[in-house]
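Take a look at the sequence and model below. Then follow two parts of it, one in each of two chains.

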Amino acid sequence: MVSVCFYFQVHQPYRIRNYSVFDIGNNNQYWFNDKNKQIMEKVAKKCYIPTNKVFLNHLRNNPEFKISYSFSGVVLDQFEEYAPDVLRSFQDLVDTGQVEVLDETYYHSLAYLYSKDEFKAQVKLHNKKVKDLFGYSPSVFRNTELVYNNELAKFVEDMGYKGILAEGADHILGWRSPNFLYRPVTCNNIKLLLKNYKLSDDIAFRFSNKGWNEHPLTAPKFAKWVNQTNGNGNVVNLFMDYETFGEHQWEDTGIFKFLEAMPHELLKHPDNKFITPSEAVKSFEPVSDLDIHNIISWADIERDLSAWLGNSMQQSAATKIYQIEKRVKELNDPKLLEDWRKLQTSDHFYYMCTKWFADGDVHRYFNPYESPYDGFIAFMNILNDMHKRIAPPIPA
Amino acid sequence: MFGWEFPPMSSGGLGTACYGLTKGLSQHGIGVTFVMPYVSEGVDAEFVKLLPANTAQKIKMVGVDSPLHAYITSSEYQEFLLTYKKTGKQNKLYGHNLFEEVYRFSMKAALIAQHEQFDVIHCHDWMTYEAGIRAREASGKPMVIHVHATDFDRTGGNVNQLVYDIEKRGMHAADMIIAVSQFTKNKIVEHYGINPDKVTVVHNAVTQEEKPRFHINKHDKIVLFLGRITLQKGPDYFIEAARKCLEFDPNIRFVIAGTGDMEGQIIQRAAEYGIGDKVLFAGFVKDEDLDRMYQLADVYVMPSVSEPFGITPLEAMKNGTPCIISKQSGVSEVITHCLKVDFWDINQLVDKILSVLKHEELHHALKEHGALEIKNFTWREPAGKCVDVYKKAIAGG
């Protein structure tokens, strides 16, 4: 018996505009509104709308089909602002009762690494937003980019979550399989679901790769691979960016045809079923403890933080944004607080990544800057302006 | 190979490129006879046979009384004369005007072509195109021309009709053309009516010797401009940027290293803006002083209006100096670890200069990544591409 657990990440950052030294102290218009709107409209057209249509069809015709999503708060805000029809179509999906929504940090941030208070605040904001839009309070948590370790699992458990997601990285698992639930070594109750990165990446990254010896990937072939885990696992966790469908893999790769055929192919095997993360948590017991001391993520080959905090520019920008937390919160200015939080979105740091040569194409995706250096310059100029905003008034 | 300059006797990137390329060709087992108007003392390159045209036998020097005199406005040539005067080696060959030189050089080229053994003719820039054409006629060997710059780059579009005609004639006569960038290839195709299939892009590289590290003792942040002070190199954009930067931080120093026809104008402009004490003119810098100059700088700026390639950023990166370069350059096609601006966007240039000076992390990242990136630019690879072009030319295009 093997259950297939789909979780899709839906996120778009508020990209910052080319804020220059001439803007500092003169305006607080940090956000690249035109570009954000334009990208949202493009992704809606190529990915969100057509993919939601395929899934809605499956959900209505097949009560056994189940999927789950995690939406960043900032993508939900942008749906409301730029693409209300997309938000409605996601609400339609959730309304079927076969779709689960997970919690994350509202601003898709790395806050946990810098400020536990801020992390908690953002998770609460997110929980409320999901409740407001989907009438639903998530019980499973996934952190930004699947950033995870023992300590984080404990913190999230203490916040009341029943399940948490992480990358099934080889260097963590060794001989063990990602197709079981585990218990974080620091925890009592919370259960850990691990991404089956091989099968996930077959869809997310390799699907259209003509140099791959399994190309083209068809639904029957994929179902066969999933079936092979029968007898060696409880749940196959397929975690990926939602933009895989129609954006990373364009329509002409056949990705939508694959999606249309996939549930039916998987259910041909009598032992297969679909499951959501919270159902998995209820259905299965952990097979063992898992000790993950060092931080892991789902990014790049390294599966660590190097995509966001790998170079000195990234580290400095991130450290500096959290250095002003206390002062920003003291001032009790909602606009200031929101600007500060939007600057925490991990994408800003991702754009400053310089390990281009191997992982280049993924990093360039939706990147508004020509180079990581330009990203850093604009960010630091904004930070400079923030400093002016929070500076105590000069006594007369 | 016909060229106009060869280190140490060179006033710019052309000589440096010829040196690197011939060295790279030698690694592919290609022997080069390098013919130039005059070979000075101190040239040391065992991998190439240097042949001065002025010592070629049986050449009757013909004084050319030509109407070309009327058009001599080429600041390039003035620059040559200036440079050679400074080095104290007044050269007998160089005549009263550049076109006369070009003509004499081409006459000798035909003679040399009859005496030397070779398989292909390789000409560098317009001054040698006529020589190539004559050598081709005399020997029947194919001719490849290497475009390091066009007159559109040098003059900002106000082309000298005579130079243009020579360029165009050379490009059309050539069996194959090598362009130093896609940027230059586009110009060749658009402005000279050349079939793009005939043009191969071969980017320049840098020699990989270790740079001596100098002990630099200084207090102020330094922004460097290094190149000829002429329209093509955008010194006026540099001075405008300097003025604005100084409004943010009066402690920055701007160094302009080079000479050129706009020097007076730029000095005057600095005085006019009241920043004469912040903008320092270093004159023409060469050899070791070049490395010292790059290392002295906290950031190197190349604001060229039209730069076919632009080898100076590579030299700066080798010396560990972060670069800000014009997007209107060939070199911006090949390097990633630098900052790029449109030459006309002075505010963007100012933003980037101030950022590099202010943020140590940014300076550090550019320096470290740049030094690594530069290691990929060896002359062996472009030389290999030239060999492929030779093969095609010999096979009949």
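How many bridges join strand β4 (residues 143–147) of chain B to strand β5 (residues 176–179) of chain B? Four, and the two strands run parallel. One bridge links B:H146 to B:I178 in β5(B).

This is a predicted model: local features need pLDDT of at least 70, side-chain atom pairs count only at pLDDT 80 or more, and totals for chains, interfaces and linings use all residues. Residues are numbered from 1 along each chain as its sequence is written, while chains are lettered from A and ligands numbered from 1 in the order in which they are written.

**The sheet in chain B**

Helices (H or I, at least four residues) and strands (E, at least two) are DSSP runs, numbered from the N terminus. Strands pair if DSSP finds at least two bridges between them. The open sheet has four strands in the order β3-β4-β5-β6 (chain B), paired in parallel. β3 (121–124) and β6 (199–201) of chain B stand at the edges with a single partner strand each, so one side of each lacks a neighbour in the sheet. Neighbouring strands are turned by 25° on average, direction ignored.

Contact means C-beta atoms, placed from the backbone, within 7 Å. Axes are lines fitted to C-alpha atoms, for helices over the stretch in contact, and angles run from 0 to 180 degrees between N-to-C directions.

| Helix (chain B) | Touches (chain B) | Angle |
|---|---|---|
| α7 (residues 182–192) | β4, β5 and β6 | about 165° with β6(B) |
| α14 (residues 380–394) | β4, β5 and β6 | about 165° with β5(B) |

**A helix in chain A**

Helix α9 (residues 219–227) of chain A has the buried residues A:F222, A:A223 and A:V226. Buried means that 20 or more other C-beta atoms, placed from the backbone, lie within 10 Å of the residue's own.

Key
Buried ≥ 20, exposed ≤ 12 C-beta atoms within 10 Å, placed from the backbone. Contact = placed C-beta atoms within 7 Å.
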